[in-house]
Amino acid sequence: MPHPLAIRAADMEKPPQGLTEDMMARLVREFYTRARADALLGPIFEQKLAGHWEEHFAKLTDFWSQIGLGAGRYNGRPLPAHAALDLAPEHFKAWLELFAATARDVLPPEGARFFVARANRIAESFQIGLNIGDKALAFREVQKARED
């Protein structure tokens with residue numbers, strides 16, 4: 001039987017045509033420019049990334065290029081990198097709203113829709129993995145019921 005994540009990935013929509021590396025780089029730079037200025041998100045990013053922004057831009061461009069273009073350059077482990085940041089559901093909500101607005105501003109409509117959908121899935125996965133938010137609570141309840 002295929003792994004559940006493999007099934008979920010197979011069901012996901014394919015990226016729209018016409019996306020480019022330049023679009024990925026612009027999305028990343030514009031999003032993090034906005035995130036750095038955000039009252040809730042900015043301090044978290046600055047604390048972790050001060051002096052390392054160019055490296056982070058490159059890594060995140062690789063990440064989103066992997067998702068949108070199948071570039072194959074990203075090989076990181078994003079969940080552990082976020083585990084020590086003391087994130088809460090409101091951080092994910094702010095991140096998703098800012099990401100969606102940025103994607104709509106810098107990408108064609110189909111590209112924005114695609115990336116916003118992926119960002120929502122990633123945020124959901126992170127919250128479950130970090131054991132925060134409503135989805136994580138529901139997941140814990142299901143797990144506990146299975147153990148009983």
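At what angle do helix 4 and helix 7 pack, and how far apart are their axes?

**Entry 1: basis.** I worked from a predicted model, in which local features need pLDDT of at least 70, side-chain atom pairs count only at pLDDT 80 or more, and totals for chains, interfaces and linings use all residues. Residues are numbered from 1 along each chain as its sequence is written, and side-chain values use heavy atoms, with hydrogens and water left out.

**Entry 2: helix 4 against helix 7.** I looked up the pair and found that helix 4 (residues 53-69) packs against helix 7 at an angle of about 115°, with the axes 11 Å apart. Helices here are DSSP runs (H or I, at least four residues), numbered from the N terminus. Axes are lines fitted to C-alpha atoms over the stretch in contact, and angles run from 0 to 180 degrees between N-to-C directions.

I then listed the residues that meet: Phe63, Trp64, Ile67 and Gly68 from helix 4, and Phe114, Phe115, Arg118, Ala119 and Ile122 from helix 7. Contact means heavy atoms within 4.5 Å. By type, the residues of this contact are seven nonpolar, one polar and one charged; Ala, Val, Leu, Ile, Met, Phe, Trp, Tyr, Cys and Pro count as nonpolar, Asp, Glu, Lys and Arg as charged, and the others, Gly among them, as polar.

**Entry 3: helix 7 itself.** I noted 22 residues in helix 7 and a reach of 31 Å from first C-alpha to last, close to the 32 Å expected at 1.5 Å a residue. The expected span is 1.5 Å times one less than the number of residues. Its buried residues include Phe114, Phe115, Arg118 and Ala119; buried means under 20% relative accessible area, exposed over 50%, and partly exposed in between (1.4 Å probe, protein chains only).

Entry 4: Leaving aside residues up to four places away in sequence, Phe99 touches Leu27, Phe31, Trp64, Phe115, Val116 and Ala119.

**Entry 5: two loop residues.** I found a positive phi of about 60° at Asn131, although it is not a glycine. Asn131 lies between helix 7 (109-130) and helix 8 (133-147), and counts as partly exposed because its relative accessibility is 38%. Asp86, likewise not a glycine, has a positive phi of about 55°. Asp86 counts as exposed because its relative accessibility is 68%.
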